[in-house]
Amino acid sequence: MKNAFSKKWISSTQPRKQRKYIANAPFNIKQKMMSSHLSEELIKKYKRRNFPVKKGDKVIIMRGQFKGKLGLINNVNLRKLRIYIDGAEMTKKDGTKSFYPIHPSNVLIKELNLEDKERKKSVEKIIGTKK
């Protein structure tokens, strides 16, 4: 893989090239990588399996030490491809709490935040076209 990011690059079996592709991806591509699975009822409602995560979505953590916790997404970090959830906090040595970074593929969206006009518009567009 060359130094510059290329949309035409398909895939590689080498993990180093896969990591380099993700690290060099522009934010519009990384936003698509920040998708998470929807719950069964949301799949039936929206006729779609996954959706990009956004601050304010209610999610269940499916993997890791916080497995089974339900919480709201507090922050989305596109640069690191991680989300921070209210229920997943670690305690530091000095006693302060900080959010634990979780990859969006390890969570399940239970409820979408539809306060954003653009997101509401895109969801309505999906519902309207797939009925």
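**Entry 1: terms and model**

I began by noting that two strands pair if DSSP finds at least two bridges between them, and that helices (H or I, at least four residues) and strands (E, at least two) are DSSP runs, numbered from the N terminus. The model I am reading is predicted, so local features need pLDDT of at least 70 and side-chain atom pairs count only at pLDDT 80 or more, while totals for chains, interfaces and linings use all residues. Residues are numbered from 1 along each chain as its sequence is written, and side-chain values use heavy atoms, with hydrogens and water left out.

I then followed some of the pairings. Strand 3 (residues 58-61) is antiparallel to strand 4 (residues 70-77), and three bridges connect them; here Ile60 has Leu70 in strand 4 as its bridge partner. Strand 4 is also joined to strand 5 by four bridges, again antiparallel, with Val76 partnered by Ile83 in strand 5. These two strands form a hairpin with four residues between them, and Leu81 in the turn has a positive phi of about 55 degrees. Strand 5 (residues 82-91) goes on to pair with strand 6 through five bridges, in the antiparallel sense, and Glu89 stands opposite Phe99 in strand 6.

**Entry 2: Ser35**

I next looked at Ser35, which lies in strand 1 (residues 35-38). Its side chain comes to 3.0 Å from the backbone oxygen of Lys32. Apart from neighbours within four places in sequence, Ser35 is in contact (heavy atoms within 4.5 Å) with residues including Asn50, Phe51 and Pro104.

**Entry 3: salt bridges**

How many salt bridges does the structure hold? I found three, using the rule that a side-chain nitrogen of Lys or Arg lies within 4 Å of a carboxyl oxygen of Asp or Glu. For exposure I used these cut-offs: buried is under 20% relative accessible area, exposed is over 50%, and partly exposed is in between (1.4 Å probe, protein chains only).

In one of them, Glu41 meets Lys110, with the closest N and O atoms 3.3 Å apart. Because Glu41 lies in helix 3 (residues 40-46) and Lys110 in strand 7 (residues 107-111), the pair ties together parts that are 69 residues apart in sequence. Glu41 is partly exposed at 44% relative accessibility, and Lys110 is partly exposed at 31%.

I also noted a salt bridge between Asp116 and Lys54, at 2.8 Å from N to O. Asp116 is in the loop between strand 7 and helix 4 (117-129) and Lys54 in the loop between strand 2 and strand 3, 62 residues apart. Asp116 counts as partly exposed at 28%, as does Lys54 at 33%.

Arg119 and Asp57 form another, their closest N and O atoms being 2.7 Å apart. This pair links Arg119 in helix 4 to Asp57 in the loop between strand 2 and strand 3, 62 residues apart. Are Arg119 and Asp57 buried or exposed? I recorded both as buried.

How values were computed:
A polar contact is a pair of N or O atoms within 3.5 Å; within protein, one must be able to donate a hydrogen and the other to accept it, and residues adjacent in sequence count only if both atoms are side-chain atoms.
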